[in-house]
Amino acid sequence: MAIREPSRYLVKALPRALAPSARPQVFSARRNASDEAPARRLSNQLDDLETGSSLTSQVAADAAKSFDPIARSKARKTQLPRSRYQFRSPKYYRGPLHPHQPPAPSDPSSRLFVPGPFSLPRVEQTYQSTVASDILTLCYVHTPPGFKPPPKSARLREWDDSSPYHKNRPLRGPRGGDVLRLLRKPIKFNNIPQVERITIHSYVKEAASDNSSWLHVAGMAIQAISNVRVETFKSKTSVATWHIVPGRDTVAVKAELKGEEMYHFLGKLIDVVLPRIKDWPGIKGSSGDSSGNISFGLVSENVAMFPEIEVNYDMYPPKMIPGCHITLHTTANSDKDARLLLSAMGIPFHGKIAV
C-alpha cells in the first residue's frame, strides 16, 4: 500500500506539469545587475510609461521663459486668503492656554527673528572665552562624591503640649523672625553672571524752562554715544527751586541697550572713556542695589570724551552737553557677584568692598 501511494500522486502531477501555461513564455534579455548604466535604466523606465504621460513630454523653451510667478501673483485682482496661503505667526504671547502660540525668537518663522550673530563683539568674545571660565573657577565649590548636605529642620515649630490650649493650634513660626535666605547662591555652569542690559539716563533741569534746546542736545548726545533711540520722560515730582511742575515738563531722556549695542558701548566705556578721566579712583565699592545692578555717574566733561561726540564736538554746545547716570544690569543675585563680573571685564572699584 505504501508503494502504490507515491505512484498515484505522481500520475496526478504529470498532466498538470505538461499542460500549456496561460502566460506566454517570453525570453527576457534585460539584466538586473547593479552595474547597469543609469541612462539605460532610465530609457527602459520611460519605455514602460504611457505615451500620454507628462514625464515624457518636453516643455517648450518659450513657455518656460515666459513663466513668471511673481508677475502672475501681482496681476491677480484679488489676493489669496491669508489664512490659507500666507502664514503669519502670532505676534503676542496670550498665555499658555491660547490655541495660537508664537514661536521662539530664534525660530525663522517668528516675527522677532533676527539672523545672526555673524561675528561677536570683542567684549562679548572676551567674556565667553576668558571671563566666564575664570569666574567659574574662582567661585568653584567642591562637593566630593557621596556628599549629603545636613537635613534642614522644619521651618514651623510644633507646640510642646505643655498646656491644654496648645491642641489644634497652628504651628509656630521660627525663632528670631523669618528664616534668612542664603546671602549668595553658589555659582555653577548654568548661572554664571553676565551683563544683561545697560541703561543710560540723563536728567536735564534746564529743560523745564521755555527753551527746549537743552533737552534736544541731551537727547542727541545720549543717542550718539549709545546708538539707540532715546525716550523722553516727564517729571513725577515738583522741584520748586528749578520751577519744575510734575506731569508738565519733559526733563529726562533714557536709552536702554541690549545685545550687540550693549557690548559696543561697554567696550568704549572701559577702553576709551574711563581711562581718560583724571584722578578718578573708580566706582565706589559699596555701590549696588542688592540685586546685582551697579550704577555710577559721568559728568558732562566725561560724556564729551566719547568718540562720537569728540569727532563732532562743534555740533554740540559745550555747556549743553549733559551728564548721565549709567546702570549696569547683571544676572547676578548679589552685588558681590556683580562687582566680581565687572572688575573682571575692566571696570575699577575703590574703597571698602561691601559684602
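Helix 6, which covers residues 122-138, packs against helix 8, residues 259-273, with the two axes 7 Å apart and an angle of about 90° between them. Because of that angle, helix 6 counts as roughly perpendicular to helix 8. On the side of helix 6 the contact involves Arg 122, Val 123 and Glu 124, and these meet Tyr 263, Leu 266, Gly 267 and Asp 271 in helix 8. Sorted by class, the residues of this contact comprise 3 nonpolar, 1 polar and 3 charged.

All of this is read from a predicted model, and the confidence of the prediction should be kept in mind along the way. The protein chain has an average pLDDT of 82, and 78% of the residues score at least 70. Among the elements of the chain, the lowest mean pLDDT, 52, belongs to helix 1 (residues 4-18), whereas the highest, 97, belongs to strand 6 (residues 324-330).

The last stop is the second largest pocket, which holds about 340 Å³ of space. Its lining is made up of 13 residues, and those that lie nearest the centre of the pocket are Val 141, Thr 143, Pro 186, Ile 187 and Lys 188. Taken by class, the lining of this pocket consists of 10 nonpolar residues, 1 polar residue and 2 charged residues.

Key. Residues are numbered from 1 along each chain as its sequence is written. This is a predicted model: local features need pLDDT of at least 70, side-chain atom pairs count only at pLDDT 80 or more; totals for chains, interfaces and linings use all residues. Side-chain values use heavy atoms; hydrogens and water are left out. pLDDT is the predictor's confidence in each residue, from 0 to 100. Helices (H or I, at least four residues) and strands (E, at least two) are DSSP runs, numbered from the N terminus. On a 1 Å grid over the protein atoms alone, a cavity is a set of points where a 1.4 Å probe fits but cannot get out, and a pocket is an open set with protein on both sides within 12 Å along at least five of seven lines; lining residues have an atom within 4 Å of a point. Grid points are joined across faces, edges and corners, and a volume is the space filled by probe spheres set on the points. Ala, Val, Leu, Ile, Met, Phe, Trp, Tyr, Cys and Pro count as nonpolar, Asp, Glu, Lys and Arg as charged, and the others, Gly among them, as polar. Axes are lines fitted to C-alpha atoms, for helices over the stretch in contact, and angles run from 0 to 180 degrees between N-to-C directions. Angles under 35 degrees count as roughly parallel, over 145 as roughly antiparallel, 65 to 115 as roughly perpendicular and the rest as oblique. Contact means heavy atoms within 4.5 Å.
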